[in-house]
Amino acid sequence: MNERYSKSILSVAHHEHRDARTSSSKHGDLLDFVQEFVRSYLRSHVSDGVILGLSAVIIGAFGAGVSGSRAAGILIFVLVILTGLIILLRPLFKTYALQRDIAGLIEAGESLHISSVVERPSSAPDKFYFDALTRLTADARSEIGQLRAQRMDQERYMELWVHEIKTPLTALNLVCQKIDEPMRSTILREITHLDTLVEQALYVARLKSFNQDFKLEHVDLALVCKEACKRMARAMIECGVTPQIDIADQTVVTTDAKQLEFILRQLIQNALQYGAHHIRLSTQPNEGEACVLKISDDGWGIPSQDITRIFERGFTGKNGRAYGSSTGMGLYLCAEMCQAMGVGISAESAHGEGTVIKLVLPYDVDRFAFEKNRRM
Amino acid sequence: MTQIAIIEDDRILQGELARILDLHGYSPICWDQTTDVYEFLLAYKPDALLLDLSLPRIHGHEVVRALRTEERLSVLRHIPVIVVTSSQSEYDELLSMNLGADDVVTKPYNPAILIARLDSVMRRASVSAVTSQLTCGDLAFSPLENRASSPTGSVDLSRNEAKILHTLMIHEDAIVSRSDLMVELWQSDAFVDDNTLTVNVNRLRKSLRHIGCERYLITKRGIGYVLTARGE
């Protein structure tokens, strides 16, 4: 098969490189900051320096004239320069500490907390700027707080709603068992579709959550693949597709089982929509820290101009045909979920040659590191 | 007759559960929602209980706890309880079990699985418990044992044959499409294709022939199969 690679979202690597900066680089940054600060301060006080210089010359000359001695004149000149320099440069030292602390906080992403951490300067005009900053950050924090609260309310409602809607869906499902064909299959299929959409809504809501709820657990890959196939049974059977599951028993990875199963179902759905007659779920032999799960189909494949965009939100492919779902959200959602879960996802395909989707699932996850990276 | 109480506030679900239980030879008693749950249970003293967690005035967990601990309900203390819930929370499941439920089933559920769980719970609860049995004319089928019998004799069925027969009997007199049968078989990890289904149905027919019930299984060409005692 002609392999062309799509955009890979290899989240595991992505998260790792954001780890703590080394202390030597911090040191280097400090030196840079000092240089920059001093340079800009001096640049903005060039006119002051000129005035000082001129005044010193004039006063010195005057003094020399009055006292009649050139030495006295030079001495006065030097004294004026020194006094002037002290007056000019004193603020430099005073505000240096303040500026360094503020710059540090901004660098660490804590700009909203500047006014609570840094000491308020006592002199004008610094203290006026500082007060304005305090006011600004307070307003920003309050707005963010409100938004967060609203978001949490929405999420809570969403969870409740999903919970509630399962009851009428179950009832519908049961009642429809009694309807005759051909309506029965159609209605049951639509109910399954509804169920999937409800689930999708829940996952979309959770993705945007500040409080993402992942249950990292040991998951038997063969089992979760079978579960996904069972839930997709009706759709697959109606397309005349039987799954081939080539995964050794006891292949265990660490991830969120429910979300993985949802993703698998989405991928199977795509394969069916894209003309698959045969779907194979298998693992690639791998000695490393992660297991590669392949979902392969023998469908129409993805044309090369589309493949780099299939994971984009709302992407609907050439001729308006949606790869994955009519809203273009299906694969986008999968990719987002994978990224949030630290799972890699990529696609290989060529037009007319089927498609292979690969998921990179870690065997073991250092939970502490996972949580830390997620919060960043 | 084994009496099973159904405590569920959704009328449609309650009706469906009752129908499934009745079909499988159990005797369902439905809670009518206006009486107090405990009074209802004390009045009927059922052999087992299907309990929904999300009830209007009282939470299912509270009911389980009360049944297992309260003095006035001591006569019901050892009654098998299956909790039915739409919550997929493991916490809910764990809590239900810790409070004394025997099993937890989540909605949406497969009726055959619910019956299997109930059978299993009933069997654990008492040595001589009668487990579910479906009948159609002279034919009787026991899902727990995968055994079909008639006045002429009995025969053990393979897992796939049993699944097919069970599905046909649940829909007795109604035509079941080939897709439906395949969907059911897939639920027990048998990812059969069209041809394999045909093979299995033929095997079932042969098994039924052993006990003289072959005439009950009718093929509706192009649509599916039906199990009926009414004869064509």
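How far apart do the axes of α6(B) and α8(B) come, and at what angle do they cross? Hold that thought for a moment, everyone, while I set the ground rules.

This is a predicted model, where local features need pLDDT of at least 70, side-chain atom pairs count only at pLDDT 80 or more, and totals for chains, interfaces and linings use all residues. Residues are numbered from 1 along each chain as its sequence is written, chains are lettered from A and ligands numbered from 1 in the order in which they are written, and side-chain values use heavy atoms, with hydrogens and water left out.

Now, back to the opening question. The two axes come within 9 Å and cross at roughly 80°. That makes α6(B) roughly perpendicular to α8(B), a label that covers angles of 65 to 115 degrees, while under 35 is roughly parallel, over 145 roughly antiparallel and the rest oblique. The axes here are lines fitted to C-alpha atoms, for helices over the stretch in contact, and angles run from 0 to 180 degrees between N-to-C directions.

Contact means heavy atoms within 4.5 Å. By class, the residues of this contact are five nonpolar, three polar and two charged; Ala, Val, Leu, Ile, Met, Phe, Trp, Tyr, Cys and Pro count as nonpolar, Asp, Glu, Lys and Arg as charged, and the others, Gly among them, as polar.

Let me pick out B:Asn200, which is found in helix α8 of chain B. Is B:Asn200 buried or exposed? With 3% relative accessibility, B:Asn200 counts as buried. Buried means under 20% relative accessible area, exposed means over 50%, and partly exposed is in between, using a 1.4 Å probe and protein chains only. Leaving aside neighbours within four places in sequence, B:Asn200 is in contact with B:Asn160, B:Glu161 and B:Ile164.

Next, the sheet beside those helices. It is an open sheet of three strands in chain B, ordered β10-β12-β11, with antiparallel pairing. Strands β10 (176–177) and β11 (217–220) stand at the edges with a single partner strand each, so one side of each is left without a neighbour in the sheet. Helix α6 (residues 159–170) packs on this sheet, touching β10, β11 and β12 of chain B, and its direction makes about 70° with that of β12(B). Helix α8 (residues 194–210) lies across β11 and β12 of chain B, at about 150° to β11(B). As for pairing, which needs at least two bridges found by DSSP between two strands, β11(B) and β12(B) (residues 224–227) are joined over four bridges in the antiparallel sense. In that pair, B:Lys220 stands opposite B:Gly224.

One more helix in chain B, please: α3, residues 60–69. Seven of its ten residues are buried, so α3(B) is largely enclosed by the rest of the structure. Those seven are B:Gly60, B:His61, B:Val63, B:Val64, B:Ala66, B:Leu67 and B:Arg68. They pack against α2 (37–44), β3 (48–52), β4 (81–85) and α4 (90–99) of chain B.

Over to chain A, with 13 helices and seven strands. Buried residues make up 38% of its 376 residues.

Six bridges join β6(A) to β7(A) (residues 355–362), and the two run antiparallel. Across that pair, A:Ala347 stands opposite A:Ile357. Five residues lie between the strands of this hairpin, where A:Gly352 takes a positive phi near 85°.

Last item, cysteines. How many disulfides does a search of the whole structure find? Zero, over all chains, with a disulfide being a pair of cysteine sulfur atoms within 2.5 Å. For A:Cys229, the nearest cysteine sulfur is that of A:Cys225, 6.8 Å away. A:Cys229 is buried at 0% relative accessibility, whereas A:Cys239 is partly exposed at 38%. Thanks, everyone!
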